[in-house]
Amino acid sequence: MTANFTATDHAHMARALRLAEKGAYTTKPNPLVGCVIAHGEDVVGEGWHERAGEPHAEVHALRGAGERARGATAYVTLEPCAHTGRTGPCSEALIAAGVARVVAAMRDPFPQVDGAGFAKLQAAGIAVSSGLMEAQARALNRGFLSRVERGRPWLRVKLAASLDGRSALASGESKWISGEASRQDVQHWRARAGAIVTGAGTVLADDPSLTVRLGDATPFVAPLRVVLDPGLATVARGRVREGDAPTLYLHAPDAKPPRGLDAQLAAVPVREGRIDLEAVLRLLAQREVNEIQLEAGATLAGAFLAQGLVDEVLLYVAPVLLGETARPLFDGLGIDAMSRKFQLDVIDVRRLGDDTRVLLRPRAPVV
């Protein structure tokens, strides 16, 4: 279903991708999807999936186009769905509207779609092609695709560091290494996450609330707050249980919750005395979490990294020095030779006030 796409095709798909991104804070656990309906260069309708359970991007675009959708081309960032969930199948809506052609950025790997949407459209005589700007579409939905294709969410580690690579003082104190601009930027990353994960040590040391504080009227779906607490040492304390955002405590199977505790709890396996981190990710995927933001200390961050479970590092570097006794960014990596150094690729660098934000992704090993 690949095709030779024109400059006009590219322009409309680029617009559809920009529209899709508007739902970054509100569509979870659904994918981000945008749609543009056009006759040649003339756009007659456009829309994006705004919130889970509400109309999909194609429906919004078709409503805008009205009768002008007949004979038009629909540009959509993800294969139109073919099943009935909380909304009806978008493939059937496109057929009923009489569009002549559908251009999709990529196939939807979700089992209830996965080519069935394309098949319905083609069976109705609609010309279908896909693969236009697929890399951009996959990047946009990296969390959703990770959950569906790998069975685990996309894991991003958020860290603040001094120039000498330290994340906290020896005492554990870390407020505040980064500046106000960086702390505000973090809120936007939190807003797009399905879950914010931390450890019991961080709850005891920093007493974080792990809520989204955007400071404006921007709508968002509050991420699940998750505390890895093998012995349930923190369930009766801390700001992490305050506010409207839900909180889940993941604990060892033999932990005994206090009587009368009003909290979400789930047991996960323990390996070598520590919570099984792969099991944590599987459990959160089953709860339809697409993206995780890990905000924890060096021990837990290092454990995720050492096990190859980190997809992205969001690092805020402040122009301060904390000295040789302060804590590292990652602990427990066991690197004893340059040949074992952990390599990351720099994806983006930008200045935030006095700080520098660096987005990195672990480099795939050479095989």
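**Close-up 1. Ala298 in helix α10 of the predicted model.** Ala298 lies in helix α10, which covers residues 298-306; the coordinates come from a predicted model. Ala298 counts as buried because its relative accessibility is 10%, under the 20% limit for that class. Leaving aside neighbours within four places in sequence, Ala298 has contacts with Pro328, Leu329, Phe330 and Asp331. In an unreviewed UniProt entry, Ala298 is listed under "binding site".

Close-up 2. The list in the unreviewed UniProt entry reads Ala160, Trp176, Thr202, Gly297, Ala298, Thr299, Leu300, Ala301, Gly302 and Ala303, under "binding site". These positions span 144 residues in sequence, and the farthest two C-alpha atoms are 23.7 Å apart, so they do not all gather at one spot. Is Trp176 buried or exposed? Trp176 is exposed, because its relative accessible area is 56% and the class begins over 50%.

Close-up 3. Ser174 is found in the loop that runs between β7 (166-168) and α7 (180-192). With a relative accessibility of 22%, Ser174 is classed as partly exposed. Apart from neighbours within four places in sequence, Ser174 is in contact with Ser167, Ala168 and Asp206.

**Close-up 4. Leu210 in the loop between α8 and β9.** The loop that holds Leu210 runs between α8 (200-206) and β9 (224-228). Leu210 is buried, at a relative accessible area of 2%. Its contacts, with neighbours within four places in sequence left out, are Arg190, Ile196, Thr198, Arg225, Val240 and Glu295.

**Close-up 5. Thr234 and its polar contact with Asp229.** Thr234 sits in the loop between β9 and β10 (247-251). Its relative accessible area is 0%, and Thr234 is therefore buried. Which side chain makes a polar contact with the side chain of Thr234? The partner is the side chain of Asp229, at 2.7 Å. Residues up to four places away in sequence not counted, Thr234 touches Ala200, Val203, Leu204, Val227, Asp229 and Tyr249.

**Close-up 6. The interface of domain 1 and domain 2.** Domain 1 covers residues 7-141 and domain 2 covers residues 151-362. Their C-alpha centres lie 34 Å apart. At the interface, 8 residues of domain 1 are in contact with 14 residues of domain 2. The two domains bury about 870 Å² between them, and 53% of this area is on carbon and sulfur atoms. On the domain 1 side, Tyr25, Lys28 and Pro29 lose the most area to domain 2, together 71% of what that side buries. How many salt bridges and how many residue pairs in polar contact does the rule find across the interface? There are 0 salt bridges, whereas 6 residue pairs are in polar contact, with both residues at pLDDT 80 or more.

Conventions:
Residues numbered from 1 in each chain as written. Predicted model: local features only at pLDDT ≥ 70, side-chain atom pairs only at ≥ 80, totals over all residues. Heavy atoms only, no water. Helix = DSSP H or I, 4+ residues; strand = E, 2+ residues; numbered from the N terminus. Buried < 20%, exposed > 50% of the residue type's maximum accessible area, 1.4 Å probe, protein only. Contact = heavy atoms within 4.5 Å. Domains from an automatic or database assignment. Buried area = accessible area lost by both parts, 1.4 Å probe. Salt bridge = Lys/Arg side-chain N within 4 Å of Asp/Glu carboxyl O. Polar contact = N/O pair within 3.5 Å; in protein donor to acceptor, adjacent residues only side chain to side chain. UniProt positions renumbered as here; feature names shortened; annotations may be inferred.
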